[in-house]
Amino acid sequence: MHIHVVQPGETIQSISELYGIPAGILIRDNGLDFPDNLVIGQCIVIAQPKLVYTVKEGDTLSSIAASHNVSIMQLLQNNPFLADNEYIYPGDRIVISYEKKGSIATHSITLPYVSTRTLCKTLPYLTYISVVNYTATDDGDIVTYYDDTEFIRLAKEYHSIPMMFLTTLTLQGEANIRAAFNLLLNEEIQDKLADNILTILRNKGFYGINISFEFITPASLPYFTNAYARIANKIISEGFLAFATINPDIRMVGSEVDFLRLDYTLLGQLADNVLFMNYEWSINPNPPSPISSIYSIEIYLNYLKETIKPEKLNLGISTIGYDWELPYFTGISSVRALTYDSAVALARNEHVPIQFDEVSQTPFFLYSADGTFATEHIVWFIDARSINALLNVVEENNLHGIGIWNISVYNPQLWLIVNSQYDIIKYKVE
């Protein structure tokens with residue numbers, strides 16, 4: 001796998017000739033909407049398959065899988081276009097295998113109303129999927145927002161383990177501090193909540209619970225871990241999985257990486273898996289900065305490994321970028337969320353090159369917005385280089401895997417980078 005950064009004067013045709021891969025394959029693999037108008041600094045992922053097969057008359061996915069001793073799931077992973085097509089045709093190019101360098105677990109936390117098309121296209125790449133559809137109240141009840149029966153059924157069909165994601169936040173990401181602290185301080189409410197969780201797990205067919213941790217401080221951490229232990233032990237004793245997800249607050253203060261020093265030893269012992277990832281509802285109150293920083297993540301990870309075994313750790317990959325108005329004033333300046341495609345489209349429309357920050361391993365660009373009063377903007381987002389840098393950290397530290405918030409927009413480069421280098425861990429799901 002190679003990541004090509006578009007240079008001035010390059011076209012999709014010249015890149016195609018450089019790597020000996022048909023332009024149509026590069027366009028499809030990378031999901032390029034405007035292949036004839038590439039942006040300087042844009043990334044093109046070059047994945048060279050180990051084995052490719054050309055469909056012949058009478059072939060089916062089952063017959064192709066059987067003749068090459070691979071699973072249909074592997075064919076879906078290697079050829080995401082199959083999710084968009086009802087049939088395969090003679091002449092179609094099917095990637096049978098890539099040269100892999102290891103295995104990895106993938107975990108998405110996502111909203112229940114993701115489109116069926118996007119869900120079916122993404123599930124082949126997921127080990128676990130947590131559905132954000134459950135809010136704990138201050139008396140131990142659980143609010144459910146959407147019917148996620150079909151969501152759970154599809155997850156199982158694609159051998160992805162469905163997990164119930166529980167938080168005290170609303171589905172819009174609004175905080176309920178009272179509920180959070182009632183749960184921490186009252187064992188009767190904790191027991192009631194555990195019973196309600198078990199009822200949902202059994203009735204809906206989830207494989208376990210993924211509990212979100214919010215408002216953690218050094219003073220409140222012991223209460224969090226005690227409450228989690230009480231709930232998780234009941235869940236695990238009934239044969240279910242218990243995960244924990246923490247939204248870390250990592251920031252740069254001058255040239256120093258700043259974060260809360262919290263001892264996660266007990267949590268690491270209790271939970272089957274611990275995810276550290278930012279899950280935001282398209283809101284970012286922070287001043288302009290890289291969406292994610294490999295430099296900061298590595299420092300934070302070295303701290304985490306002192307209390308949590310690497311084989312339980314999962315690092316988050318953000319899929320959202322932001323466009324900040326400059327000069328930036330908290331609560332006054334406009335900030336809007338962008339997908340990867342919309343960030344590249346904005347750079348294209350504004351005729352500006354995409355730049356890259358080597359320290360954080362993230363792309364950015366500046367542009368001027370026309371209007372009554374022209375304003376300057378800066379955009380930070382995540383691209384193929386950022387994703388690959390994080391995967392290297394996971395591999396080098398022997399971590400369990402990665403987490404993604406969220407999958408509502410399919411990112412072809414993300415899954416091409418993961419799948420062309422790693423076997424995605426899948427379990428038997430019934």
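Is Asn398 buried or exposed? I looked this up first. Asn398 is exposed, because its relative accessibility is 61% and the cut-off for exposed is over 50%. I note that the model is a predicted one.

**Backbone entries**

I placed Asn398 in the loop between helix H13 (384–396) and E20. Its phi is positive, about 55°, although Asn398 is not a glycine. Most residues other than glycine have a negative phi.

I then turned to Asn69, which has a positive phi near 60°. Asn69 sits in the loop between helix H3 (61–67) and helix H4 (72–78). With a relative accessible area of 71%, Asn69 is exposed.

I also checked peptide bonds. Leu326 and Pro327 are joined by a cis bond with omega near -10°, and Pro327 belongs to the loop between E15 and E16. The bond from Trp405 to Asn406 is cis as well, with omega about -15°. I found Asn406 in the loop between strand E20 (401–405) and helix H14 (412–419).

**Sheet entries**

I traced an open sheet of 5 strands, ordered E16-E15-E19-E18-E17, with antiparallel pairing. Strand E16 (335–338) and strand E17 (355–357) are at the edges and have a single partner strand each, so one side of each has no neighbour in the sheet. From one strand to the next, the twist averages 30°.

I looked at one pair in detail: 5 bridges connect E15 (residues 321–326) with E19 (residues 375–380). Asp323 has Val379 in E19 as its bridge partner.

Last, I followed helix H12 (residues 340–350), which lies across E15, E16, E18 (362–369) and E19. H12 runs at about 45° to E18.

Key:
Residues are numbered from 1 along each chain as its sequence is written. This is a predicted model: local features need pLDDT of at least 70, side-chain atom pairs count only at pLDDT 80 or more; totals for chains, interfaces and linings use all residues. Side-chain values use heavy atoms; hydrogens and water are left out. Two strands pair if DSSP finds at least two bridges between them. Helices (H or I, at least four residues) and strands (E, at least two) are DSSP runs, numbered from the N terminus. Axes are lines fitted to C-alpha atoms, for helices over the stretch in contact, and angles run from 0 to 180 degrees between N-to-C directions. Contact means heavy atoms within 4.5 Å. Buried means under 20% relative accessible area, exposed over 50%, partly exposed in between (1.4 Å probe, protein chains only).
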